[in-house]
Amino acid sequence: MARPRRHTYTMSQYLENVRGGYISNDADTQRKPAWKTIIDSMARTILTDDYIPALILAEENNGQSHIVDGGSRTFAFFMLKYGNYKIKKSVEKPIIKYKSMRRDENGSILWKDEEFDIRNKTYGQFPKELQKRFNEYQVETVIHENCDEERISELIKMYNEHSA
């Protein structure tokens with residue numbers, strides 16, 4: 001059995017693969033997603049470019065991948081970008097610092113320090129710089145290759161065998 005390979009996607013690439021069906025979260029042994037409890041902290045983590053653990057995928061020989069570990073995180077990412085999800089007032093440290101780009105009257109680029117409060121905001125309400133930061137966030141994956149249904153179920157059980 002080959003050692004799993006690592007692959008890094010941008011958030012946009014990863015979510016497009018999920019939307020397009022290239023990455024699936026429908027394995028029959030996958031536990032029920034718990035995205036509602038993590039979505040606000042995921043938003044802050046992504047926008048501050050902090051660390052999110054690698055998502056584990058199982059890839060079939062036909063190229064179809066299945067989420068083994070990270071289904072809740074994936075659903076949270078999806079709801080943030082496409083679900084019109086409004087970040088709750090209770091999110092910790094809701095002020096996100098960033099630099100905005102402006103042009104002066106001569107067309108020269110000027111950078112300005114800015115702050116944005118993410119409370120009660122959706123992705124569509126983020127400034128373009130924070131949307132760009134979200135879309136370019138590096139999503140790490142570890143991919144088990146050449147998997148069949150039995151191996152996918154085995155991996156899901158292995159990675160998800162722990163107590164809450």
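Predicted model: local features only at pLDDT ≥ 70, side-chain atom pairs only at ≥ 80, totals over all residues.
A residue is taken as buried when its relative accessible area is under 20%, as exposed when the value is over 50%, and as partly exposed in between. By this criterion aspartate 40, with a relative accessible area of 11%, is buried.

In soluble globular proteins, nonpolar side chains tend to be buried together. In the present model, the largest nonpolar core comprises 32 residues, and Tyr14 and Phe77 have the most contacts inside it. Two or more residues each are contributed to this core by helices H1 (11–19), H2 (39–47), H3 (71–82) and H4 (128–136), and likewise by strands S3 (55–59), S5 (95–103) and S7 (138–144). Helix H2 provides the largest share of the core, with 5 residues. Apart from this core lies another of 9 residues, including Ala54, Ile56, Ala58 and Val68.

The contacts of tyrosine 14 were examined with residues up to four places away in sequence not counted. On this basis, tyrosine 14 touches Tyr9, Ile23, Leu55, Leu57, Ile67, Thr74, Phe77, Val139 and Thr141. Among these partners is Phe77, which is named together with Tyr14 as having the most contacts inside the largest core.

Strand S3 is mostly covered, 5 of its 5 residues being buried. Both of its faces are covered: Leu55, Leu57 and Glu59 lie on one side, Ile56 and Ala58 on the other, and all are buried. Strand S3 pairs with S7 in the parallel sense, over 4 bridges; in this arrangement leucine 55 stands opposite threonine 141 of S7. Strand S3 also pairs with strand S4 (residues 65–69), here in the antiparallel sense and over 4 bridges. Glutamate 59 stands opposite serine 65 in S4. The hairpin of S3 and S4 has 5 residues between the strands, and glycine 63 takes a positive phi near 100° in this hairpin.

The structure holds 10 salt bridges. One of them joins the side chains of arginine 5 and glutamate 59, at 3.3 Å from N to O. This pair links distant parts of the chain, since arginine 5 belongs to strand S1 (residues 5–10) and glutamate 59 to strand S3, 54 residues apart. Arginine 5 has a relative accessible area of 31% and is therefore partly exposed. Glutamate 59, in contrast, has a relative accessible area of 17% and so counts as buried.

A further salt bridge is formed by aspartate 40 and lysine 88, whose closest N and O atoms are 3.8 Å apart. Distant parts of the chain are linked here as well: aspartate 40 lies in helix H2 and lysine 88 in the loop between H3 and S5, 48 residues apart. Aspartate 40 is buried, whereas lysine 88 is partly exposed, with a relative accessible area of 38%.

Arginine 119 forms a salt bridge with aspartate 117, and the closest N and O atoms of this pair are 2.6 Å apart. Arginine 119 counts as partly exposed at 31% relative accessibility, and aspartate 117 counts as partly exposed at 24%. Finally, salt bridges that share partners join Arg5, Glu59 and Glu145 into one network.

Note on methods: Residues numbered from 1 in each chain as written. Heavy atoms only, no water. Core = buried A, V, L, I, M, F, W, Y, C linked by side-chain atoms within 4.5 Å. Buried < 20%, exposed > 50% of the residue type's maximum accessible area, 1.4 Å probe, protein only. Contact = heavy atoms within 4.5 Å. Pairing = 2+ DSSP bridges. Salt bridge = Lys/Arg side-chain N within 4 Å of Asp/Glu carboxyl O.
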